[in-house]
Structure formats: structure tokens, C-alpha cells
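Dear colleague,

Please find below the sequence and structure that I am handing over to you. My notes on the contents follow.

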Amino acid sequence: MEYVVAVLSIIGIHALLGLSVYLVAITGQLSFGQQGFYAIGAYLAGMATALWNWSLGPALALGTVAAGVVGFLVGFPALRVRGLYLGIATLGFGEIVRLGFLNLKYTKTIGGRLVGPNGAEGFRHVTYVYERGITQGQYLLVILLALALVIVLISLLERSRLGVQFRAVEEDEIAAAVAGVHVTAVKVLAFTLGGMVAGLGGALFVHYSTYIDHEMVALPLAVSAVTYAMLGGLGSCWGTVLGAAVLISLTEGLRVAKEFRLIVYGALIILVMTLRPRGLVDERVVLWLGGWMRRRRWRLDAP
Amino acid sequence: MKRLAVGAVVVASALALLPGAGAAFQEEGTLRIGGMWALSGPAAYIGSSSRGLAQLAVDEINEAGGVSIQGKRVKLQLYAYDDACKAEEGLTVVRRLADSDRVLFSLGPTCSSVAEPVFGILQKRLDDPADTGLQFLFFTDTAIKFGLARISPWAFRNVGNEPEMFDLTFKLVRERHPELRTAAVAYESDFAHSVSTWKGAVEPALKKYGYQVLEVVEWRFEDTEFGAQTTKLRKANADLLVMLTHTFSTCGAVKEFKRQRVRSKLMIGITSAASTETMVGCGQAVEGMIIPTNFAAVTPRARALAEKAWARYKADSNLHSVPAYENIYAIKSIVEKVGIRNEPGTLLQDRRKVRDALARLGTFQGVLGPIKMNGDDDPVKPRDVDKAVILVQARNAQWTVWWQPPEMGKK
Amino acid sequence: MSALLLDVVQQTINGLMYGAFYALLGIGFTLFFGVMKKFNLAYGPTVMAGIYLGLLPLYVWKAPIWVVVLTCVAGAVLVGLLVEVACFRYVAPGNELAPLMTTIGMLILIQELVVLLTHAAPFEYPPVFGDESLELGPFLVRPDYLAILLAGLLFVGLLYLLVEHTAFGRAMRAVAENPRVAQLLGVDVSRVNTLTFVLTSAVGGASGFLVAMTFGALQPGIAGWMTIKGLVVIVIGGLGSIPGAVLAGLLLGVVEFQALWFLGITWRDIFAYLLLFAFLVLRPAGLLGRAAT
């Protein structure tokens, strides 16, 4: 059972990371830099509880808000580039954040131990959760609650006029602008929200693992984040959650394949993306599901 | 058809999460032990050697009849997993070992960056009900970053003590080559092990033995171009060149030294580089390099082990992998002495019994000689070992012994 | 000359030499993008596969060096064709992001396959061009980097001849302009696409051999690293422009080396990305690319 809880915890955290890519992607911007916001959330929340004695809630909020602020700042220069240029630029951003944390040294001696980010040697002893008798299962509830909140908020966003504007910008920026959509505001907002969600994921992660370092927020995490969203499909945020769940379950479940695990994993990505190029939960699936639900309701209403 | 295939993938991944069926250990005649190593990714060559040596120990013990528990002989069963040198995978694998596979203890991890979070989630205060850390025993063979075992009383390590190893190294170099006075250092600034070895082991030792550090250069673990740093080293023209870099960049750098005609009188290397891979990868370029290590095939027993491990498991015997072999034997003798029940219901007590015995163990037999396990209350290195240090030197594409403790080799 | 000036010149020389290496990577990427209008993130692993396959004649068959070169090229071509079939051919058209993901999947697959087959152990290529730097006055020049620079110029020249003066080159340019019209005019678009894979992979394989010689030890991580550098180079150089890729590679090399010498390793990486950002913000078309429509 503990093992399943551990896997679900990682799925929950990575789903948040994937959702941060999703939020930005539905305005037509593909970001390979969301792991940078994740890192900001992780380091700041970790410092809050481990160095400044904050409690968990405010620390998570700090990580979320700080990453959101950086997202806001990134959103503006991001306006100037499009398509895969943006992908490469955000990749560069993520790397610069990582390099920044590689060089961050801010330690204090607390209770006889050296605590705090220590450059390449990492940031250990973020033990808030484990010191207070919070079990892994209880922390999973925290993660799932955060995830549920984010999913609800994203769903509300998507059903609102703002959500339509997001999709309009993805579809055709010029037409959207002509129709009165404030394209700049939409795109910057997407980066801000995406940053916040990734920051929340990072803040939750560092308290789960008690440790963060620069290697953990490098390019492989960028690729994972984008893969969750792309594999999941951009039709609905559930697609990304499903994408994270499937990929992480595969990482664990393929352990039976021993040394061939990652080879099979790569092959499966190729297979799924070939069979369903728009992801598992693409727009057609969403429409089909919506239609199915409408048909069900109609049958129930019929006398 | 498409939907079927995709549906199958989704269902398969969901099924993947089901934990394995837990059978009764003593009833089924097995003692379960675990290991998590880097079996994929760049550190795979280190992890796979550890796994090979562990499997060798398990097979040897099983061939000799197994472990004696409650008057019955049970076979060892090794549950080995790949953590790909990644924290997220380490965090899930440790719970799989602890909870689904229900092993008595685990070897590994290979990477210090995985050991950090994995030890971090272990229980910090024994017998404290408010501490919900995992109560699971680690007896590590590889992760060498200084201070990891302090993180939790459930973390024990049989790894080299780099501050002491380099202290000994520079002491001996001072004695044998008093004419060498100056040093230049290269390290990998993005690799935690390299940085902590420089800061925690080499810098203090160089200072202690009166060496003047003329130049310190850095590069990245994955770098392949070392021209600028080599030029700086050439200008420094130091007597000693201390290369705290791992195999890939070491090989690249020493070739650049040759190109730019950097000639040092003596090269010192980092512990992890003393492996067969370095020889295969660098060959002549590292000629003369001296490295402190804990394992070299200098006794008949060590030679036999190295040959057997290579022949049967294609596993290299070195300071990172041989501890896996030693640890399994140590736990076997603890289990037989302390007496565990080996039943699923008593797993927590059994682990605790073995943990406490390991803390009180004192000295146990390693392949090259006695190893001393420091207890919980050691002020400097609790739950880490003291063991013999050997200095090896690369000569003609082979690692030969430059210095070994006088008592060794007489066994 | 003052010591400072000597350093600047030496690092500029180093940077240009090393930049030729980036240029070689960029040439393959940009050629691919020019014709296919897609990014092949599996190009880095294709080159790496060619390099590792070259180890077979080197160590197992103990064959002469020209066999090794041919193996690198042939190996890269085979893997390139595999990438074409697995990652591009069966993806329904109109999905631009899907090939991105399939090539990422292929990157993971090839990298792990190499780790599996080699146990991630380090291997080395022999230094064909000697293992000592040439001395030109007060400066040191690496002969293998010089070879790469000359090879890069040679490739650019050959590709120019191919693209401008052969029928196949005309077909490639037609497909690059407008595949549908090219099809209507009788160009076999799918054959051109396949041959583009062959060509870029061949260039990749040859580049791979040259580049592998300069490494002290091969490691599987080079696939990802080559991919990133290649992408940065083609963005700076202008998508689809081969001379642009060369110039961008040289520029990146010089910037990195100067930053490394004077400021240290962290700034080397930061400056590389700052250079990228500068181009994206100030001149998104790149050095020699056509202005983005």
C-alpha cells in the first residue's frame, strides 16, 4: 500500500507540472521551461520551512506566488517569439534558473546541522512533514487536494469567457485580436498561472522528498513535463493528469522489463503519439464525451 | 484498433501499480533482501557492478546452503531495482522494497543525489511515535558523499571515508616526494560528489600538508572540451595535479593535457576513477595517476573474487561494488547471531533488531581485512566505516599498488 | 602583444575551432528543417548511434580507419531511416507537435539502447590527426578541430553544389518551397523526404566521426547535449540556412570560450543562452534566415 501511495504522490506532483505546461499550451505557447518555475517553488518553499520556520501552508503559498511572479515576468519577452522558437527560449530560461540554483549558497546551522541550499551539493533536511508525525498517506491527501483545487480552477477557467479567449489565441492570434481579445494579457496570464501551478508542484515535492538540487530540475524534467501534456492531449486538463498517471505508472510497471525498461518506455511514447497524434484526450474525445453525457441526460429526462 | 491499443496501454499501466503478492517468508524458505542501484543512465556502469557483486554473494551463500534462521536453512532472495540515479524513482522504489517486497534491508543507492532524499524520508528518531519517517534499513555500498549516514539512524554505509583517504594520500606523497610543493586542482562544479570531495577532503588535506594551491579550475561533468582550463593549468605549472573528476571528463581532460603539453610531476585522482572503465576509456593518458581506494586485487582472496565476479556476472570489482558483497555476508552473520523470526508479521521488529545489531557490530570481516562500523554515538561519522586504504597507480594500462597498509597482503 | 590580447586571440581561435563543431551539428539540423519544415529531435541520437556503431570496426574487427568512417556514415543512415519510419512516416499530417514527441521518444530509446549495449562504459576514438596541438607562434591550435573546420567548409561547399546544381537539389528546394505544388509538378515528395533523411544522416554520421575523435571518452549523454546545441545554433543561424548554421556555430563557439576564460564555467553556459535570447528578441530570423512571415 505504501508503494502505491508513493507512486500516487509522484503522479500528483508531476500532474501539477504537466498542468503548468497545459495552461501555457492552450494559448498556443509550448514551454520547455516549466521546470524552472517548479525549481523556484521548491527552493523557496523549502527555505521557508527549513530556514525561516514557516509552517507548510504559507510556505506552499510563497513557492506558488514567487513562481507566478517570475512567470509573469517571463510572459512578456515570450510574446516576441512563437512556435518552437519559444520552446527553445523557454528551455534556455529553465536552464538559467537551474544554473542560478547551482550557484545559490544560503546555509544556516540549525540544531547542529547545516541547512539550506548549498550550491552543487544541494538542499537537504527539508523535514517539516516527517518531523510532525504527518504520514505519507496524509501528505498524499494534501497533494491530491492541491491537484483537485487546480483542476477545478482550470476547469472553471476553461468554461469561462477567458477560457474561450485562451483557445482563440491558440487557434489564430490575429483573428482573436480582431475579435477584441487582449492577446498580450491572455498570453502573459497563461505564463503567470502556469508558473504558479508549477511552483506549487515544486513546493509540494521538496516537502515530500526532503531534498532538492539542480540536477533534479534539469532537461529530463522539462521533457517529462511536456510529454505529460502532449501525450495526455490538449483537449482537457484531465488529459494531462491522465498522461502523468500513465507515464509514471509505466515507469514503475515496466520494471519487469528490467534493463529494457526505458527502451520500452521510449517505444511506447512513439507508439501512442503515432496512433493518437493529438494525445489521449484530444478535442475529439472531449466532444464525444460531452455528446455522450448529453445523450445520457436526455434519456434520463425522457418520460 | 487504435482505441484498443491505447486502452491496453492505459490498463496495463494501471495494473502495474498492483503490489506483488506477499507470501510468508519463513514458510516459503526465503530471506528477502533488496538493492536499489543506478542500472540505467550514465551511472549504470557503477550500479551494475554493485548488483553483480551482490548477486554473487547471494548465489554463493545459497549454494553453500543458505542462511540459518530458527534452526532452518533459508535461501536469500535479492530484489534488485533500478533508480536511474533519479530521486523520484528512488522514492518510489524504496517504498516498493520496504512495503511491497518486504525485504529485510536494502543495499545501494548508487548516487548520492538519490541517497539524500531516500535517507531523508527515513525515521530520524528511533522509538518516537511522532516521527513518521520510514523504518527501513539501508546498508549502502556506493553513495559516498560525506555525511549521508548522519541523516538517519536507519542509514548505514560501508563506503570510503574521503577526508581520511586524501589525508593519507597527501601525507604519503609528502613523505615519498618531498620535493613536490605546489598543486593545481580540477573538479566538476555541477557534480555534488566532486564538489564535496574538493571542499571536504582535498582542500583541507592540501593545506594541512603545506601544499601551495596555484590554480583551481572547474568544468561540468558532461563537458567534452577542456582547452581553456588546460591552458590555465599549463600556466600554473604545478607539481601536483589533483583531478577530482569522474571517468568521462578525466579521460577527456588528460588527453588535452597531452595536447597542450601540460606536464605535472604527479597526478592524483578521485576515488571513483579507480576502475577498469577508466583504463578502457583512457589507457595511456592517465599513466602514473595515483588514486586512493578501498579495494584492489592485492590478496589471493581479492583476486579470486574479482575474477569470479567478472567471469560470472561481468561485474567489475572496485571500491564501490565490493562492499555490496561484504554487506550481504555481514548481514548474514548478524541475522544468524541475533536471531530473527523472518515472518511477515515480525518484519518491523526484525529490521530493528538487525539495525541495532549493526550499530553495535564493531568490527566485521571485509574482503581485504577487518572493517570497523562506527556506532550511533560516534561524533564525527556515525554509522560509517573505517577501513583500510590502498593507493593504486596506473601503470601500463593497469592499476598497480603504490602503497598498501603493511598488515595487508599477509593474509 | 600584451598577455590579455594573447588570451583573447587564443580563445577566439579556440572558439572558432570548436564552433566549427557546433556548425557541423547545425548543418544537419538546418538541412532537415529546410526541407521537411519539422524538427528532428532524434538527430542527435542518430549521430550518436553512428558514432557508437563505428566502435565495432574499431575494437571488434580492428579494421582500418576508413572502414570506421564508412560505418559511422552507414550506421547513422540506417538509424536515420529507422527514425523516418518510426517517428515521421505514420504520423497523420496536420499534427505538428506529434513528431516532436515521437522523436523525443526515439531519443530516450536510442540513448538507453546505447547505455544497455555499452554498460555506459567510456570508449575512445583514436586521435587520427595526432595528439599534440600545433604551435603557430604563441598560439596553440588543435589539429583535429582544424580538420573539423575544413570538413565543415567542405560539407557546406558540397551541399551548395548539391542543392543548387543537381536535379535532386532542385527537387529538395521545390519541396522546401511548397510540397503540394512540387507534387503537382511531378516531384516524388515522399522520395525526396526519404532521401533528405539519408542525406542529413550521412552528414551526421561523417560529422559524428570527426567529432568523436575530439572527445576524450564517449558517453551516452552526448545525444541530448548535441541536440540542444544544434537547436541553439540553427535558431541563431536562421532556420533552413546552411551558411547561417556555420556562422552561428562559430559565433557560439567564440562567445562560449571568451566567457569561459574570463568569467568561468557558469557564465559560459549563461552567455550561450543570453546569445540565444538576444537573437530571439532582436533578430528572430537569425543571422541569415529569411524574415519570419
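**Chain A and chain B**

Between chain A and chain B there are 4 salt bridges, a salt bridge being a side-chain nitrogen of Lys or Arg within 4 Å of a carboxyl oxygen of Asp or Glu. One of them joins the side chains of Glu116(B) and Arg124(A), at 2.6 Å from N to O. Please note that this is a predicted model, in which local features need pLDDT of at least 70 and side-chain atom pairs count only at pLDDT 80 or more, while totals for chains, interfaces and linings use all residues. Residues are numbered from 1 along each chain as its sequence is written, chains are lettered from A and ligands numbered from 1 in the order in which they are written, and side-chain values use heavy atoms, with hydrogens and water left out.

The rule for polar contacts gives 16 residue pairs between chain A and chain B, both residues at pLDDT 80 or more. A polar contact is a pair of N or O atoms within 3.5 Å; within protein, one must be able to donate a hydrogen and the other to accept it, and residues adjacent in sequence count only if both atoms are side-chain atoms. On the side of chain A that touches chain B, H1(A) gives the most, with 7 residues; helices here are DSSP runs (H or I, at least four residues), as are strands (E, at least two), numbered from the N terminus. That side divides into 25 nonpolar, 12 polar and 12 charged residues. Ala, Val, Leu, Ile, Met, Phe, Trp, Tyr, Cys and Pro count as nonpolar, Asp, Glu, Lys and Arg as charged, and the others, Gly among them, as polar.

In total, 49 residues of chain A are in contact (heavy atoms within 4.5 Å) with 48 residues of chain B. The two chains bury about 4200 Å² between them, 62% of it on carbon and sulfur atoms. Buried area is the accessible area (1.4 Å probe) that two parts lose on being put together, summed over both.

**Chain C and chain A**

Here the contact takes 33 residues from each of chain C and chain A. About 3100 Å² is buried, of which carbon and sulfur atoms give 82%. In chain C, Met101(C), Tyr273(C) and Leu280(C) lose the most area to chain A, together 18% of what that side buries. The count of salt bridges between chain C and chain A is 0, and 1 residue pair is in polar contact, both at pLDDT 80 or more. H5(C) supplies the largest share of the side of chain C that touches chain A, 13 residues. By class, that side has 26 nonpolar, 5 polar and 2 charged residues.

**Cysteines and Leu104(B)**

Over all chains the count is 1 disulfide, defined as a pair of cysteine sulfur atoms within 2.5 Å. Cys85(B) and Cys111(B) form a disulfide, with their sulfur atoms 1.9 Å apart. Its S-S torsion is about -120°, so the disulfide is left-handed. Cys111(B) is buried at 9% relative accessibility, whereas Cys85(B) is partly exposed at 25%; buried means under 20% relative accessible area, exposed over 50%, and partly exposed in between (1.4 Å probe, protein chains only).

Leu104(B) lies in the loop between helix H4 (87–100) and strand E4 (105–107) of chain B. Leu104(B) is buried, with a relative accessible area of 3%. Leaving aside neighbours within four places in sequence, its contacts include Leu31(B), Ile33(B), Leu137(B) and Val354(B).

Yours sincerely
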